[in-house]
Each structure stands twice: as C-alpha cells, then as structure tokens.
Amino acid sequence: IRELLRSARFVCGVSEALCAKLRALEPSAAARIVHAPNGVDLERFSPGPQAAARRQVGLPDAGRWLLFVGRLVRPKGVHELLEALSGLPDDVRLCFVGKGEERGALEARAKERGLAGRVHFAGEVAHGALVPWYR
C-alpha cells in the first residue's frame, strides 16, 4: 500500500478518517490524498411516505427512529450510538442496517442496558433496497 501511495498521482478517500490513515501510512503522499465523499442520487434517495416505507421494511408506524446504515464496526461509532439511545425518550428507537463484527456485542449491550426492545438489527440490505429504510 505504501508503494502504491508513493507512486499514485492522486488518491481519493471516502472519509476523513481513511484519508488520515493513508497520510499517516505514507506521509510523502499526504498532499495527493484528498477527501471525496460518496455522492447521493437525490432522485432516488428522496423524502417519501414514511408510514408506507415503515410497513415495507417491517417497522412499527409509531415512534421515532434513528437509522444507522453501514458496517457494524467500532470505528464507525456504533457503540456510542447505542449508548446515546439510553439518554433519549422511550419512543425513540434505533435501527442498525448492516452487518459486522460488533453485532453480537451490540445485541448483548442493548439487552444489558434494557434497550433490546428499542433496537432493531435489520442485517445486510442490498443497496437497491435501502430507499425505504432511509424514509
């Protein structure tokens, strides 16, 4: 990876954290490493009928939901998100969409903190099926 970074004319990272890791790995390439976040298709990922979307993915109509979409790994702050849920009103729930090595620990922690009824683990969802989850 270091050799590739040294020889690359330009390197894009989808997150600042990734860019920082690449710069630390090969400081001589730092000026050629830039943050270029993923784009969003605004025609596809747009607001829509919330109740219908919740029914489509099997979530209850009532209450407010927080949504996390991504790999369930520590650097993404999934444990901090779960902990933050305990400080929010009881009608706020949390849905994790994705898979990863921290799922078991998150499920155990939710149960331990009495939050299991407020946390939903949807598992991995294909990119093409994410629209109703975001709604």
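Which residues do ring pairs link into a cluster? Phe68, Phe96 and Phe121. Keep in mind that this is a predicted model.

Let's start with Phe96. Set aside its neighbours within four places in sequence. Phe96 is then in contact with Phe68, Leu72, Val78, Leu81, Leu106, Val119, His120, Phe121, Ala122 and Gly123.

Now the core. The largest nonpolar core has 13 residues. Leu72, Leu82, Phe96, Leu106 and Val119 have the most contacts inside it. Four elements each supply at least two residues of this core: helix H4 (78-85), strand S4 (92-97), helix H5 (103-112) and strand S5 (119-123). There is also a second, separate core. That one has 8 residues, among them Leu59, Cys95, Val131 and Trp133.

Next, the strands. S4 and S5 pair in the parallel sense, over 4 bridges. Leu94 stands opposite Val119 in S5. Together, S4, H5 and S5 make a right-handed β-α-β unit.

Look at the two faces of S5. In a regular strand the side chains alternate between the two faces of the sheet. Val119, Phe121 and Gly123 form the covered face of S5. His120 and Ala122 form the uncovered one.

Last, back to the rings. The structure holds 3 aromatic pairs. One of them joins Phe45 and Tyr134, edge-to-face. The centres are 5.6 Å apart, with 90° between the planes. Phe45 lies in the loop between strand S2 (33-35) and helix H3 (50-57), and Tyr134 lies in helix H6 (residues 131-134), so the pair ties together parts that are 89 residues apart in sequence. Is Tyr134 buried, exposed or partly exposed? Partly exposed, at 47% relative accessibility.

Notes
Residues are numbered from 1 along each chain as its sequence is written. This is a predicted model: local features need pLDDT of at least 70, side-chain atom pairs count only at pLDDT 80 or more; totals for chains, interfaces and linings use all residues. Side-chain values use heavy atoms; hydrogens and water are left out. A nonpolar core is a set of buried Ala, Val, Leu, Ile, Met, Phe, Trp, Tyr and Cys residues joined through side-chain atoms within 4.5 Å. Buried means under 20% relative accessible area, exposed over 50%, partly exposed in between (1.4 Å probe, protein chains only). Contact means heavy atoms within 4.5 Å. Rings of Phe, Tyr and Trp (its six-membered ring) pair if their centres lie within 6.5 Å; planes under 30 degrees apart count as stacked, over 60 as edge-to-face and the rest as tilted. Two strands pair if DSSP finds at least two bridges between them. A crossover is right-handed if, with the strands pointing away from the viewer, the path from the first strand over the helix to the second runs clockwise.
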